[in-house]
Amino acid sequence: FYIKTMEFLQQLNIGPENAGTSTGGKWLPSGAPAIASFSPVDGKRIATVTATDKAGYEAVITAARQAFIEWRTWPSPRRGEVVRQIGEALRQNKQALGRLVSYEMGKSLQEGLGEVQEMIDICDLAVGLSRQLNGLTMHSERPAHRMYEQWHPLGVVGIISAFNFPVAVWSWNSMIAWVCGNTCVWKPSEKTPLCALACQHIVAAVFKANNVPEGVCGLVTGDREIGEWLAADTRIPLISATGSTRMGKAVGTAVASRLGKSLLELGGNNAIIISADADLNIAIPGAVFGAVGTAGQRCTTTRRLIIHDAVYDSVKDKLTAAYGQLSIGDPLNEQNHVGPLIDTDAVKAYQMAIAAGKQQGCRFLVEGEVLAGDGFESGCYVRPCIAEADPAYPIVAQETFAPILYLLRYKTLDEAIAIQNGVPQGLSSSIMTLNLREAEQFLSVAGSDCGIANVNIGTSGAEIGGAFGGEKETGGGRESGSDAWKAYMRRQTNTINYSTQLPLAQGIKFNL
Ligand code: UN1
């Protein structure tokens, strides 16, 4: 597996040491130190990538601004055709890129491949969208006037993405931003720079073959300092950032202080309500996949189960039994359900959350543990755990990016919905019930306050066709499908007078 990944990297001209700054046309040298990428799978150092320095940053932003002047004049279906070809290139590279995602980030191979499939799907969506960037027409109150709106691209879009979806979340943003006519500058997570390099090579080849101007796909590499440069840069009208609430508050504040636009997709604290009328054959696997999939590192991971009193004990027993079946280990081995956390810092955060939970009163049904020994040399493998808790414990209101599941008990649906909504985050939510009244109440205005609310489906694994994002500390942004494209464009209202008079709106008289 390691050898296959190395072969793929070589095919893409990714060697042991790489530049991390690109205008899409060239790779730029940097005086900044290199960042090493370690695999959490086996702890091996895969390769290094140089961080972007100030000169490289300026070159990328300048190229992106210049390229915009031409790119915005391409008819959007022609931009869509280029994105269609990116989708084809991703289909060809699906296995190899999926494997790299799995190896560099640590998610299971199935999920790595699923992530590349999400990229392919968003390309298809963006191609169709390139012919549907439609505005409305309105009826003017004035005679012989026509009023309509049109959507224009914004300019340079800055994309800050997280390690947990190292390729898909970038593609949700960039494919849509590109068909809209923007140029993009991507700052991937410094924990997964090689995934970004691979994507950059794939896209740059397609762009070159289509004579797309240099600068449409810029790449910058580094830690939060580069994110700060982007957020403060008045040449970048939109920053789309995915990651922690802490990062989002910093980025959102910096962008707002210059009255730029930001699209924030931040932390979740997602719950499943399991009602007395749930089909447990769906509820249990839905909860387990939601809680332990991607080792609990999705922003849509199930972190809380809110269980009706009448089924609480049976759900608890079934969950405990299911956790007993989980095999933890090399994510490239398809027998395993749970791979490693991203790094040893994440392991520390997991341990600290467990310790805090115990102090606050959590009773663990399945104990957490850091695994050691054969196959666990990276020190990043942990056991998914389950704790009985109370909604009032502070730890339950926090997002810990690890597989820790809290069980909470309820008696009435109103109480369950209050618990579900009673956290600072508002990304994904779900109810497991066969009762129509309960399902509709959960989806109603008095129900879930989240951006995503599901019935008889877990909290994770959203499809790209819908708008993705959430409320409150999740940041309010929407990415991906539906009309999320509007965030990447500016709306212009146009009124045209084809009469011989100058009638004023609101009937105002102004006689000269
Ligand atoms: C994220 O964790 O940042 O719904 C995105 C899901 C995925 C996307 C998650 N399609 O779990």
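This is a predicted model: local features need pLDDT of at least 70, side-chain atom pairs count only at pLDDT 80 or more; totals for chains, interfaces and linings use all residues.

Me: S13 and which strand pair in the parallel sense over four bridges?

Reply: Strands (E, at least two residues) and helices (H or I, at least four) are DSSP runs numbered from the N terminus, and two strands pair if DSSP finds at least two bridges between them. S13 has a parallel pairing over five bridges with S14 (residues 302-308). The parallel pairing over four bridges joins S13 to S19 (residues 428-432).

Me: And which residue of S19 stands opposite Ile274?

Reply: On the S14 side, the bridge partner of Ile274 is Ile307. In S19, Ile274 faces Met432.

Me: Why is S13 largely enclosed by the rest of the structure?

Reply: Buried means 20 or more other C-beta atoms within 10 Å of a residue's own, exposed means 12 or fewer, partly exposed is in between, and C-beta atoms are placed from the backbone. Asn270, Ile272 and Ile274 point one way, Ala271 and Ile273 the other, and all are buried. So S13 (residues 270-274) is largely enclosed because its buried residues number five of the five.

Me: Which residues of H14 are buried?

Reply: Leu436, Arg437 and Glu440 are exposed, on the other side of H14. The buried residues of H14 (residues 436-443) are Glu438, Ala439 and Phe442.

Notes
Residues are numbered from 1 along each chain as its sequence is written.
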